[in-house]
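Please keep the sequence and the structure in view while reading.

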Amino acid sequence: ALYFVLFNLHVFEGRARGESHFIESLSLIRIDENIKAQNFALEDLNGNIVHLKDHLGKVVFLNFWTTWCPACRVEMPSMEKLYKEFKNSDFVVLAVDMQEDSETVGKFIKKYQLSFPILLDKDGAVASYYAVNAIPVTYFIDRAGYLYAAAMGARDWASEDALELIKHLLLK
């Protein structure tokens, strides 16, 4: 499954000059194989069930995090900026909190004034499938539902290169 994929990733060597620039500048791992993102169903903070497959045709920013993670706290405001920049396009942020209760997560969301969708991976099964063993981890999923790239650790998602990456994926 995905564990195999993560051990066989290689850094993208560049197909298009612009693409390689933001892949490198954001220190992303380019998943250069046709690997479909595993569908999942998780509850959001309102009790609604969200399926990854419901976002087919959109670019998905899939982030795994927790409220107690210092690096996660650092990148959340830039994720909010990225979300606001592209929320009226075919772009979606799905922030998957790992193994925390909705009350804890809800307080965090209020404190940081976050408006993007938050999902609860109560038993850690989705994070396990996506081979998350340190946080934060972000996957980019293209419109066709394939894994495009991954980021291990926090990033400034409001940076010019991050914005260019999303624009690039939206054009594909």
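In which sense do strand β4 and strand β5 pair, and over how many bridges? Strand β4 (residues 59-65) and strand β5 (residues 91-98) pair in the parallel sense, over seven bridges. The model is predicted: local features need pLDDT of at least 70, side-chain atom pairs count only at pLDDT 80 or more, and totals for chains, interfaces and linings use all residues. Residues are numbered from 1 along each chain as its sequence is written, and side-chain values use heavy atoms, with hydrogens and water left out.

**Sheet architecture**

- Eight strands form an open sheet of mixed pairing, in the order β1-β8-β7-β4-β5-β6-β2-β3; strands are DSSP runs of E of at least two residues, helices are runs of H or I of at least four, and both are numbered from the N terminus.
- Strands β1 and β3 (49-51) stand at the edges with a single partner strand each, so one side of each has no neighbour in the sheet; two strands pair if DSSP finds at least two bridges between them.
- Within the parallel pairing of β4 and β5, F61 has V93 in β5 as its bridge partner.

**Strand β8 and its partners**

- Strand β8 (residues 147-152) is mostly covered, with five of its six residues buried; buried means under 20% relative accessible area, exposed over 50%, and partly exposed in between, for a 1.4 Å probe and protein chains only.
- Strand β1 (residues 29-30) runs antiparallel to β8 and is joined to β8 by two bridges, with I29 opposite A150.
- Strand β7 (residues 137-141) pairs with β8 in the antiparallel sense over five bridges, and Y139 has A150 as its bridge partner in β8.
- β7 and β8 form a hairpin with five residues between them; G145, in the turn, has a positive phi of about 90 degrees.

**Aromatic and charged contacts**

- The structure holds 13 aromatic pairs; rings of Phe, Tyr and Trp (its six-membered ring) pair if their centres lie within 6.5 Å, and planes under 30 degrees apart count as stacked, over 60 as edge-to-face and the rest as tilted.
- Y83 and F116 form an edge-to-face pair, at 6.1 Å centre to centre and 70 degrees between the planes.
- That pair links distant parts of the chain, 33 residues apart: Y83 lies in helix α3 (residues 70-86), and F116 in the loop between α4 (102-112) and β6 (118-121).
- Both Y83 and F116 are buried.
- Y130 and Y139 form a tilted pair, at 5.3 Å centre to centre and 55 degrees between the planes, and both residues are buried.
- Ring pairs link F40, F64, Y129, Y130 and Y139 into a cluster.
- F64 is found in strand β4 and is buried, with a relative accessible area of 0%.
- The C-alpha atoms of F64 and A95 are separated by 6.0 Å, although these residues are 31 apart along the chain.
- K36 lies over the face of Y146, at 4.6 Å from the ring centre; a charge sits over a ring if NZ of Lys or CZ of Arg is within 6 Å of the ring centre and within 35 degrees of the ring normal.

**Helix packing**

- The axes of α3 and helix α6 (residues 160-171) come within 11 Å and cross at roughly 40 degrees; axes are lines fitted to C-alpha atoms, for helices over the stretch in contact, and angles run from 0 to 180 degrees between N-to-C directions.
- That makes α3 oblique to α6; angles under 35 degrees count as roughly parallel, over 145 as roughly antiparallel, 65 to 115 as roughly perpendicular, and the rest as oblique.
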